[in-house]
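Trainee: I would like to go through a structure step by step. Please give the general idea for each feature, then the case at hand.

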Amino acid sequence: MKFEEANQYRNLAALAAFLIFSGIVLITFYRLEVIPGISYIYSLIAPNIAPNAVGTIVFDFRGYDTLGETLILITAVITVGVVFGRGAFIEEEYAELRHVTPTPVQSVFGIPVILVLMCFGLLLIFGGHLTPGGGFQGGSVLATAFFISVIIYGIKRNPFHYGHDFLIGMETLGALMFLLLGVAGVAVSGYYLYNVGANIWDQGFIEVLKYVDPTNAGMLPYLNVAVGLEVFGSLSIAAVFLAEARKHD
Amino acid sequence: MIDFIGALIASFVLGFIIGCRIRRFSAVIYVVLFLAAIVVSFFVGNYPFYTFEVSSEIIPLNLVFITSFLGLIVGSLLLGGAHQ
């Protein structure tokens, strides 16, 4: 298959996906009924969904806002890519952070610190519905760990060799996971991003990430994972773009 | 007793995915790193309730932290490739 032909199919698939998602979101908005005083009622219900009321508000009550925030990151990365992207790398080998020699202290402590930070980032993602933390913070910590590795080892000889394709894949996977979890809500209730499994009147059926608590967060933990992957991919790819950029004379 | 199996498996899988692009290190580094992870998980403690009990005694180790670490290491060992 020729490149132009494959590109045509890709454009068609993107158009179809865009139409489906925008149609679903518009239908949801059309059917949405805003009841006066709902925020007061919701404030009473929120702690019964997940122990972290902030997480409940962010992902359950105003899930659309979070979806928008997640997509803003993609836009930001596209902007960074356009400004500092591959087209600008005339002499990649001369990029400032391409060849870096770590000091002895950095060599000894670099890898343990980065790995511990990565574990802590994952822990923040999985504790997002329980305590302060979540996908945004966890993803940022993961990206920070990667950026520390870039500072210490540079791009060329970095043991944490996350390339462009891998990071863009992470970002896409996170965003796609968020969008598809919203479709699960349509299938169950008719509303996009409905918190499946947390319905306090029915028996929740998404219980893989159930924890020691009488509440049931439904798909909040999964949304946290999606946002975590997306933030990790976005911030890291932006960091790679900036690190690879050549210092102008 | 451990009643958050789902979080343990998910953290291992996510750690594996992220770890599959970390190059392999020597065996001594892994042993030291594992001990460091145990110490840090002790100090993280029951941060988001991910500790476990043995006969009504709460063990102050954060299991999700440890499974994330194991995921990173296993991903690195299996798919990471040799260090330059």
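Trainee: What should I know before reading any numbers?

Mentor: This is a predicted model, in which local features need pLDDT of at least 70, side-chain atom pairs count only at pLDDT 80 or more, and totals for chains, interfaces and linings use all residues. Residues are numbered from 1 along each chain as its sequence is written, while chains are lettered from A and ligands numbered from 1 in the order in which they are written.

Trainee: How many helices and strands does chain B have?

Mentor: Elements are DSSP runs numbered from the N terminus: helices are H or I with at least four residues, strands are E with at least two. Chain B has three helices and two strands, in the order α-α-β-β-α along the sequence. Its C-alpha trace spans about 45 × 25 × 20 Å along the principal axes. Chain A has eight helices and zero strands.

Trainee: What percentage of the residues of each chain count as buried?

Mentor: A residue is buried if 20 or more other C-beta atoms, placed from the backbone, lie within 10 Å of its own; 12 or fewer makes it exposed, and anything in between partly exposed. In chain A, 39% of the 249 residues count as buried; in chain B, 38% of the 84 residues do.

Trainee: At what angle do α5(A) and α6(A) pack?

Mentor: Two packed helices are described by the angle between their axes and the distance between the axes. Axes are lines fitted to C-alpha atoms, for helices over the stretch in contact, and angles between N-to-C directions run from 0 to 180 degrees. Helix α5 (residues 104-126) and helix α6 (residues 135-153) of chain A pack at about 165 degrees, with axes 7 Å apart. Therefore α5(A) is roughly antiparallel to α6(A); the cut-offs are under 35 degrees for roughly parallel, over 145 for roughly antiparallel, 65 to 115 for roughly perpendicular, and oblique for the rest.

Trainee: Which residues of α4(A) and α8(A) meet?

Mentor: First the geometry: helix α4 (residues 63-84) and helix α8 (residues 220-244) of chain A pack at about 15 degrees, with axes 10 Å apart. So α4(A) is roughly parallel to α8(A). Two residues are in contact if their C-beta atoms, placed from the backbone, lie within 7 Å. Residues of α4(A), including L73(A), V77(A) and F84(A), meet residues of α8(A), including V227(A), E230(A) and F241(A). By class, this contact has 12 nonpolar, three polar and one charged. Ala, Val, Leu, Ile, Met, Phe, Trp, Tyr, Cys and Pro count as nonpolar, Asp, Glu, Lys and Arg as charged, and the others, Gly among them, as polar.

Trainee: How many residues does each chain bring to the contact between chains?

Mentor: Chain B gives 30 residues and chain A gives 24. On the chain B side, α1 (5-19), α2 (27-44) and α3 (63-79) each supply at least two residues. The largest share, seven residues, comes from α1(B). The side of chain B that touches chain A divides into 20 nonpolar, seven polar and three charged residues.
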